Amino acid sequence: MVVILMVIIERSELDVALKAKWLLLYGRRKTGKTFYVREKSKYARYFIVTRGSELIDVENGERMTLDEFMKFLPLLLQTGRIVVDEFHRLGEPFFSLLQGLSGKGELTLITSTRHYFKKFLGESSPLLGLFHAHEVGLVRPSDALKFVHSIGFEGKPLVELAVLVQEPWLTPTVESYGVETFDVLGTVLKDYVPGLVGEIFTEEERELTKRYWAILEAVAGGKVSTGEIVGELSSRGLMENASPGAVAPYLETLAGMGLLERIPVFGKRRRVYRYRHVSPLVDFAYYLNAKYGFFETGLPQKTVRRLLEEKLPNYVEVFFERLLSQHYGLQPVRIEKPELELDVALVKNRKLYLVAEVKWKEKLKERDIRKAENKFESAGAEVNLFVVPDRSILPREPENARVFDWRDALALSP
């Protein structure tokens, strides 16, 4: 008999959250909530709620109705931690019971709906303050780097594979294929991403309409402002009102689902945002679909590999932005000035604190360094970083910035 053991990505922020006596984990589907709790948390009973509001004990297969579970829950809480996965499928009587049991025993609730979490713990909710709430999103860059390094990778491949395993469902593929993951990624994305997005909409009790689909494609294709996105929808005949306000509710919904995120534009008098996909893999899949009808027809693996190599520097930029913003506790912003474009810009107390130029190439020339030095001088930030795969490829170090390569990134992943 062959036993296959899958390596777990250690997630530092989740390890801390799991210590809470009453814990609520929420986030979009396939971010590893269930798997991590099952593998890392100590619990007495683990129940998953079916769509018919029946509770199943995943260890022994025992089934309970909601009435039976509510009757036994006070006793169950005396035996150790109780986990209820997809708890949002239960109704109001369960929530009232929780209010009455407040502070007794240890309880973990898990939900794959972000909008339901807000409703559950909103300002008028009687359960507000009873739980430590923690959102489970993509794997943090620091944890992704630590995992990929633990399976034997360094240098440029370390960072590029870490970009992929931000989506924890791709971890078994990376663990098995290593750098050859880039050769099989097309098959994985074609089969997985449409189903993943469909599941997210189903759990959020929303219909995946053509407008939502078109927005996801538009953002993947580089349309990042509300004006650009509404223009794309209008050109497809999907929106008659071509004002940015018409698309705003759709963008808000997609951001609320954890599919898109919005980044503020720095230096604007009024709040202006730019949108992008949270997941680089979902972004890449929708980019392929927008250009080539990828979900219907597929593409040769060599073509997918070539197109990913073209897009990967952009995903690496976002990866380093997240790594640095999480480490320093700073707000990412977009710089939109004709004379100044920066790959990474982080703000502290409304002032530009850290900027970085990411040159994800095999070789660099003198002009690459001079161009970066000019940008750093114009930006006037306190910290300047010149991010490269390995400092050994530099003809010289920039005069006004610190070189930051894979070793420095790994050092931020204790």
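Two strands count as paired if DSSP finds at least two bridges between them. By that rule β2 and β3 (residues 55-57) are paired, because three bridges join them, in antiparallel fashion. The model shown in every view below is predicted.

**View 1. Strand β2 and its partners β3 and β5.** Strand β2 spans residues 45-49 and is mostly covered, with four of its five residues buried. Its pairing with β3 is antiparallel and rests on three bridges. Strand β5 (residues 82-85) runs parallel to β2, and four bridges join these two strands. F47 can be followed to both partners: its bridge partner in β3 is D57, and in β5 it stands opposite V84. Five residues lie between the strands in the hairpin of β2 and β3. In that hairpin, S53 takes a positive phi near 65°.

**View 2. The lining of the largest pocket.** This pocket has a volume of about 920 Å³. It is lined by 42 residues, and R276, N314, E317, V318 and R334 are the closest to its centre. Helix α15 (301-328) gives the most to the lining, with nine residues. Other elements that each supply at least two lining residues include the helices α10 (210-220), α13 (280-292) and α16 (366-379). The strands β9 (273-277), β11 (344-348) and β12 (351-358) also each supply at least two. By residue class, the lining of the largest pocket divides into 19 nonpolar, six polar and 17 charged residues.

**View 3. The lining of the second largest pocket.** The volume of the second largest pocket is about 780 Å³. Of its 28 lining residues, E135, E261, V278, R322 and Q326 lie nearest its centre. Strands β7 (132-135), β8 (260-264) and β10 (331-332) each supply at least two residues of this lining, and so does helix α15. The lining of the second largest pocket consists of nine nonpolar, nine polar and ten charged residues.

View 4. Helix α10 is largely enclosed by the rest of the structure, because eight of its eleven residues are buried. The buried residues are Y212, A214, I215, L216, E217, A218, V219 and A220. E217, a residue of α10, has a relative accessible area of 8% and is therefore buried, the cut-off being under 20%. Leaving aside residues up to four places away in sequence, E217 touches R236, Y286, N289 and A290. Just after α10, G222 takes a positive phi of about 100°.

View 5. β10 and β11 run antiparallel and are joined by two bridges. P332 stands opposite L346 in β11.

View 6. E309 lies in helix α15. The relative accessibility of E309 is 47%, so this residue counts as partly exposed; a residue is exposed over 50%. In sequence, E309 and F182 are 127 residues apart, yet in space they are 9.0 Å apart, C-alpha to C-alpha.

**View 7. G198 in helix α9 and L208.** Helix α9 covers residues 181-203 and contains G198. With a relative accessible area of 24%, G198 is partly exposed. G198 and L208 are ten residues apart in sequence, and the spacing between their C-alpha atoms is 6.8 Å.

How values were computed
Residues are numbered from 1 along each chain as its sequence is written. This is a predicted model: local features need pLDDT of at least 70, side-chain atom pairs count only at pLDDT 80 or more; totals for chains, interfaces and linings use all residues. Side-chain values use heavy atoms; hydrogens and water are left out. On a 1 Å grid over the protein atoms alone, a cavity is a set of points where a 1.4 Å probe fits but cannot get out, and a pocket is an open set with protein on both sides within 12 Å along at least five of seven lines; lining residues have an atom within 4 Å of a point. Grid points are joined across faces, edges and corners, and a volume is the space filled by probe spheres set on the points. Ala, Val, Leu, Ile, Met, Phe, Trp, Tyr, Cys and Pro count as nonpolar, Asp, Glu, Lys and Arg as charged, and the others, Gly among them, as polar. Buried means under 20% relative accessible area, exposed over 50%, partly exposed in between (1.4 Å probe, protein chains only). Contact means heavy atoms within 4.5 Å.
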